[in-house]
Amino acid sequence: SDYPLRDVYKRQELQVLLLRTGIDGISDVAAEYKAEDFFFKRSTINQDMASQLNERLKKDLHSEVVFFQMRSIDLPDAYELAIQDTEVVKQSILKA
């Protein structure tokens with residue numbers, strides 16, 4: 001191996017620290033929004049999460065996020081269906 005064992009442990013600790021900091025930052029931003037916002041304001045939430053992550057990582061770990069994309073959102077199935085039904089009704093009203 002190119003790295004002494006102590007360097008491998010340091011890297012693993014850093015990865016865990018980065019992951020925990022990232023999850024905390026994302027969770028804090030997510031808590032500021034209602035479930036329906038994740039359907040209608042996705043790009044705003046994505047920008048807020050990226051900004052919050054960069055703020056925390058720069059301040060606490062002297063790191064930064066180069067690229068962030070919220071790829072999936074897990075809402076309760078019944079809630080997602082209700083939002084979709086609402087949108088279908090809105091679209092049918094607009095077409096009428």
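The following dialogue examines how residues of this predicted model are classified.

Guide: In this predicted model, local features need pLDDT of at least 70 and side-chain atom pairs count only at pLDDT 80 or more, while totals for chains, interfaces and linings use all residues. Residues are numbered from 1 along each chain as its sequence is written, and side-chain values use heavy atoms, with hydrogens and water left out.

Visitor: Why is Leu57 called buried?

Guide: Buried means under 20% relative accessible area, exposed over 50%, and partly exposed in between, with a 1.4 Å probe and protein chains only. Leu57 has a relative accessible area of 8%, so it is buried. Leu57 lies in helix α3, helices being DSSP runs of H or I of at least four residues, numbered from the N terminus.

Visitor: Why is Lys41 called partly exposed?

Guide: The relative accessible area of Lys41 is 40%, and therefore Lys41 is partly exposed. Lys41 is found in the loop between α2 (37–40) and α3 (42–61).

Visitor: What makes Asn46 a buried residue?

Guide: Asn46 has a relative accessible area of 17%, so it counts as buried. Asn46 is placed in helix α3 and touches Phe68, Gln69 and Met70, not counting residues up to four places away in sequence; contact means heavy atoms within 4.5 Å.

Visitor: What makes a set of residues a nonpolar core?

Guide: A nonpolar core is a set of buried Ala, Val, Leu, Ile, Met, Phe, Trp, Tyr and Cys residues joined through side-chain atoms within 4.5 Å. The largest one here has 12 residues, including Phe38, Met49, Leu57 and Phe68. Helix α3 gives the most to this core, with 6 residues.

Visitor: Why is the pair of Asp28 and Arg56 called a salt bridge?

Guide: A salt bridge requires a side-chain nitrogen of Lys or Arg within 4 Å of a carboxyl oxygen of Asp or Glu. The closest N and O atoms of Asp28 and Arg56 are 2.1 Å apart, and the pair forms a salt bridge. Asp28 lies in helix α1 (residues 5–30) and Arg56 in helix α3, so the pair ties together parts that are 28 residues apart in sequence.

Visitor: How do you know that Lys59 and Asp60 form a salt bridge?

Guide: Their closest N and O atoms are 3.7 Å apart, and the pair is a salt bridge. Lys59, with a relative accessible area of 65%, is therefore exposed, whereas Asp60, at 45%, counts as partly exposed.

Definitions and conventions. Helices (H or I, at least four residues) and strands (E, at least two) are DSSP runs, numbered from the N terminus.
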